Amino acid sequence: MLARYNRGAFPTPPMTENLENQSQDDLETHLAQVQSLLARMRLVEELVHRQGGPRQDLVENLVHKQNLAELQRKLDQLHPADVAYILEALPLDERLLVWDLVKAERDGEILLEVSDSVRESLIQTMDKAELLAAAESLDTDEIADIAADLPRDVIEELLTTLDAQKRALLQSALAYPEDTVGALMDFEMVTIRADVTLEVALRYLRRLGELPDQLDKLFVVDRDERLIGVLPLKRLLTTDPEASVAAVMVEDVVQFHPEDEAQEAAQAFERYDLVMAPVVDAVGRLIGRLTIDAVVDYIRESADADMLSMAGLKEEEDLFSTVWRAAKNRWMWLAINLATAFVASRVIGAFEGSIEKLAALAALMPIIAGIGGNSGNQTITLIIRGLALGHITPSNARRLVLKEIGVALLNGLVWGSAVGVFAWLLYDNPALGGVMALAMLLNLLVAALAGIFIPMTLERVKRDPAIGSSVLLTFVTDSMGFFIFLGLATLLLL
């Protein structure tokens, strides 16, 4: 056998040409046009309803169909990714109206493009037959991407409709945990043997006619399907056709295993400027490939998740979800914030007598806590980024701690002195100014240490450092800031 072209479970869906590089302006224009059509549809139908008449129902129905037809024509012209963008930007009632107008054969492509929360709202409106049809229009790896949102009975019936090879591929894709290479890989591969010439390889590619997307190399395998190298397309096209694949192929290949972490794979793609890379099993057999589009999607989704986590949101939230669901999504970290705020308030309560004797302390406390929190956030952002990129290791952690302590000391001396002078001049009390300067210095040191050790501790216990770090940091800098400032004031001023 010369080669193998494995296109996964199903043929790749046709894509609208010349629309793959839409700018943000184009997307916003499409959204504005759809919103305008929806608004005009409501306005016209309200006017027709108010006019009344003997055949009002017939007229209203006719006008409604005309408006829907115009909106459908607009949607038919758009790429599935653009339709997904529009659906995410519409309130639920308008979203479902637009979704009903999407042609059934495009349902799968659009479900693949929308966010998880919006996909869930769309799937709830579809019956079993519609979901099966949508899933069957996708490749095996794409079905795996949306499988978590599909009802169990739909997945079970879908598995029974697939042939043995496709069913095995889907079950394999579903078996890998999220955030692993196996969950991101696809099965569209072109393989070739090492003992044929480049001319033979070119003839084979011409016979295939259609090639997988993001294809920049062919995988060279032996008779047991073990990967032995890759043949870059540029070498295939520019080298003497009489040369053998073995003479031209690259043997030093960046490759992954399905159990590898997706984050590490993404870093490798960035580091080595990869377009695609092979995925092999424990004995080196080629089982799939990882492509740049899957990696970019993963990076975007991870960044979105980290941003939401740092804001205290448990999960991705539909912009137009119900009030009840949105409120529940925010409860956990609000509860944690409330608990930490109570602790901070008890720290202040322990020094009520000192505050009563020197009212200026109450006015100056927020400055210490606020500056500490800001400085700690700067440190924690750098640490989380370093952990995500793999730049922080046990061998360099000590130097990193010393560096951040040095930064905190310098900032504490500079800005503590400035705050101390401000307090001295404002209250004509040099001792109070000295307490402010010392408290600022100490709280910046605490903030730096918290900014380093909170995310590093979360990383060590296998938790995402982005989740909860900012809440814990605020708790530490507020509580310790109040304690340090009020404690020093009690000891030195009263």
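**Exercise 1. State which residues UniProt lists as "transmembrane region", and describe the spans 405-427 and 433-458.**

Step 1. The UniProt record (unreviewed entry) gives residues 331-351, 363-384, 405-427, 433-458 and 470-493. UniProt positions follow the numbering used here, feature names are shortened, and annotations may be inferred rather than shown by experiment. The model is predicted: local features need pLDDT of at least 70 and side-chain atom pairs pLDDT 80 or more, whereas totals for chains, interfaces and linings use all residues. Residues are numbered from 1 along each chain as its sequence is written, and side-chain values use heavy atoms, without hydrogens and water.

Step 2. Residues 405-427 are 100% helix and 0% strand, with end C-alpha atoms 31 Å apart. Helices (H or I, at least four residues) and strands (E, at least two) are DSSP runs, numbered from the N terminus.

Step 3. Residues 433-458 are likewise 100% helix and 0% strand, and their end C-alpha atoms lie 37 Å apart.

**Exercise 2. Describe the two spans annotated "domain: CBS".**

Step 1. In the UniProt record (unreviewed entry) this annotation covers residues 185-248 and 249-307.

Step 2. The span 185-248 is 33% helix and 25% strand, and 26 Å separates its end C-alpha atoms.

Step 3. For 249-307 the values are 46% helix and 19% strand, with 42 Å between the end C-alpha atoms.

**Exercise 3. Characterise the interface of domain 1 and domain 2.**

Step 1. The chain is divided into domain 1 (24-180), domain 2 (185-310) and domain 3 (323-492), with bounds from an automatic or database domain assignment.

Step 2. The C-alpha centres of domain 1 and domain 2 are 33 Å apart. Their contact (heavy atoms within 4.5 Å) takes 8 residues from domain 1 and 11 residues from domain 2.

Step 3. The buried area (accessible area, 1.4 Å probe, lost by two parts on being put together and summed over both) is about 750 Å², with 63% from carbon and sulfur atoms.

Step 4. On the side of domain 1 that touches domain 2, α8 (140-146) and α10 (164-175) are the elements giving two or more residues.
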